[in-house]
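Me: I'm new to this one and would like to walk through it slowly. Could you help me get my bearings?

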Amino acid sequence: MPSSKFAHSEKYRYLNGFSSYHESEAIEGTLPIGMNSPQKHPYGLYTEKLSGTAFTAPRTENLQTWVYRIIPSCSHGNFEPRESSTYNTNPENKPYEKIHHIPNQLRWDPFDLDETVDWVHSLHLVAGAGDPTMKNGLGMYIYAAGKDMGEHEAFYSADGDFLIVPQHGVLDIRTELGRILVRPKEICVIPRGFKYRVTLPEGPVRGYILELYQGQFKLPELGPIGSNGLANARDFQVPVADFDEDTDSEWHILSKFAGHLFQAKQTHTPFDVVGWHGLYYPYKYDLGRFNVIGSTSYDHPDPSIFTVLTAQSDHAGTAIADFVIFPPRWLVAENTFRPPWYHRNTMSEFMGLIDGQYDAKTGGGFQPAGASLHNVMSAHGPDAGAYEKASNADLKPVKEGEGSMAFMFESCLMVGVTEWGLKTCKKVQAEYNAESWQPLKPHFKRPTPKVAS
Ligand SMILES: [Fe+2]
């Protein structure tokens with residue numbers, strides 16, 4: 001602390017700052033001064049604008065980026081459906097493929113690596129709510145890939161922003177705005193529309209993705225915490241401009257559009273942006289830089305104190321998606337049951353584990369690369385073993401979760417589980433409840449009645 005130790009060293013440069021207006025040019029003089037769209041660019045570049053919000057969104061929400069590139073994005077052949085009978089990440093758009101809404105607590109064994117597929121084909125929708133065609137809701141994915149994307153392929157999702165949480169392996173992501181290296185214990189957000197190509201410098205990769213169909217991720221308000229703490233804005237890293245000159249090769253542009261895959265051909269690289277400026281960009285963040293806030297007196301605070309990023313609904317304080325982490329931290333609360341309390345929540349909670357062990361689940365069933373889902377009002381809490389341990393623990397200061405990193409995708413929406421998530425993947429633990437909570441014993445003792453003297 002305050003940063004993660006990575007086995008794979010960083011190799012790219014970044015700009016620092018969340019929600020900052022950034023600009024980057026690979027060749028000095030690329031960005032026009034004082035205007036956006038000159039009649040003739042001095043280097044013969046085309047001007048293109050990428051809008052992440054409506055033009056007229058309020059200033060506090062408005063996300064636009066200007067790019068200066070060799071050939072505009074619109075120069076391509078028609079998009080044609082690809083793998084139309086097999087590729088689907090939007091069950092709402094394919095009603096015969098059932099999505100299951102069930103109140104059971106669910107837990108998954110670690111998801112398998114798959115060395116036969118690339119990034120585009122690695123995406124398995126596990127659970128979700130809403131529909132990207134209506135720009136509402138979210139999707140929760142497991143990815144597992146073992147192959148680089150084709151040398152002349154680029155992918156984008158028109159459906160939402162990808163928040164990528166690697167669990168295993170390294171992602172080298174070339175985006176239109178520059179390159180990002182993402183390792184376990186880092187996260188990366190690729191906003192809607194950005195084209196990118198993923199290669200795997202250390203072989204197979206696996207992790208989790210939250211795709212946000214509506215709005216954007218923001219830093220949570222800090223309220224009485226003040227002006228610093230949790231994820232600090234300066235620690236978010238944004239790529240710098242990096243371009244190729246290639247107007248001869250055949251490129252394939254893959255589009256995830258309403259959950260289905262399309263492909264168009266073009267004769268130029270999409271990675272030809274010589275300079276850019278704006279507020280709409282991909283970024284990454286090292287979870288080791290998270291400044292953990294916790295109780296120094298008594299009681300276990302709400303897990304909202306661990307929120308890294310939030311995407312709010314139209315109702316203040318109620319998130320379509322919160323990204324919450326449980327990093328290593330000191331537990332010092334006195335006379336307190338230190339793990340989370342038992343609860344039922346109007347929000348749904350999808351959890352994953354990047355590494356180590358989560359303190360509320362010590363029974364061994366919640367493992368790195370696995371997951372759990374506690375849906376709207378589905379009761380949960382520490383398993384029986386964790387309860388007994390914590391309720392009898394010596395309450396000296398303890399460093400919890402050394403080397404561990406659990407996380408949660410929390411949503412105000414009831415999420416459904418896909419057929420793949422519930423059945424095809426064959427990872428659901430049938431005995432989750434039976435092993436975790438049915439062994440809980442009553443400890444109730446009636447107080448001894450006071451005898452009147
Ligand atoms: Fe919970």
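Reply: Gladly, and one term comes before the rest: the domain bounds used here come from an automatic or database domain assignment. Please also keep in mind that this is a predicted model.

Me: Then where does the largest nonpolar core lie?

Reply: The largest nonpolar core has 97 residues, and those with the most contacts inside it are Leu163 and Phe407. Because domain 1 and domain 2 both give residues to this core, it lies between them. As background, nonpolar side chains in soluble globular proteins tend to be buried together.

Me: What is Phe407 in contact with?

Reply: If we leave aside the neighbours within four places in sequence, Phe407 is in contact with Val165, Phe323, Val324, Ile325, Phe326, Met351, Gly352 and Ile354.

Me: Switching topic, what's the order of the strands in the open sheet?

Reply: The open sheet has ten strands with antiparallel pairing, in the order E1-E17-E21-E14-E11-E16-E9-E8-E29-E6. Its edge strands are E1 (14–16) and E6, each of which pairs on one side only.

Me: Now the annotations. Which residues does UniProt list for "binding site"?

Reply: The unreviewed UniProt entry lists Tyr358 and His380 under "binding site". They span 23 residues in sequence, yet no two of their C-alpha atoms are more than 14.3 Å apart, so they gather at one spot. A further "binding site" annotation, also from an unreviewed entry, covers His343, Glu349 and His380. These span 38 residues in sequence, but no two of their C-alpha atoms are more than 11.6 Å apart, so they too gather at one spot.

Me: Let's take Tyr358: where is it, and what does it contact?

Reply: Tyr358 lies in the loop between strand E25 (348–355) and strand E26 (371–374). Tyr358 counts as buried because it has 25 C-beta neighbours inside 10 Å, where the cut-off for a buried residue is 20 or more. Setting aside neighbours within four places in sequence, Tyr358 is in contact with Phe326, Leu353, Phe366, Ser404 and Ala406.

Me: And His380, is that one buried or exposed?

Reply: His380 counts as buried, with 24 C-beta neighbours inside 10 Å. The residue lies in the loop between E26 and helix H1 (384–391). Not counting residues up to four places away in sequence, His380 touches Gln105 and His374.

Me: What about Glu349, buried or exposed?

Reply: Glu349, which is found in strand E25, counts as buried, since it has 22 C-beta neighbours inside 10 Å. Apart from neighbours within four places in sequence, Glu349 is in contact with His374, Met408 and Glu410.

Me: That leaves His343. Where does it lie?

Reply: His343 lies in the loop between strand E24 (329–331) and E25. With 13 C-beta neighbours inside 10 Å, His343 counts as partly exposed.

Me: Last topic: what is phi for Glu83 and for Ala369?

Reply: For Glu83, phi is near 50°, a positive value in a residue other than glycine. For Ala369, phi is near 80°, again a positive value in a residue other than glycine. As a general point, most residues other than glycine have a negative phi.

Definitions and conventions
Residues are numbered from 1 along each chain as its sequence is written. This is a predicted model: local features need pLDDT of at least 70, side-chain atom pairs count only at pLDDT 80 or more; totals for chains, interfaces and linings use all residues. UniProt positions are given in the numbering used here, feature names are shortened, and annotations may be inferred rather than shown by experiment. Helices (H or I, at least four residues) and strands (E, at least two) are DSSP runs, numbered from the N terminus. A residue is buried if 20 or more other C-beta atoms lie within 10 Å of its own, exposed if 12 or fewer, and partly exposed in between; C-beta atoms are placed from the backbone. Two residues are in contact if their C-beta atoms, placed from the backbone, lie within 7 Å. A nonpolar core is a set of buried Ala, Val, Leu, Ile, Met, Phe, Trp, Tyr and Cys residues joined through C-beta atoms within 7 Å. Two strands pair if DSSP finds at least two bridges between them.
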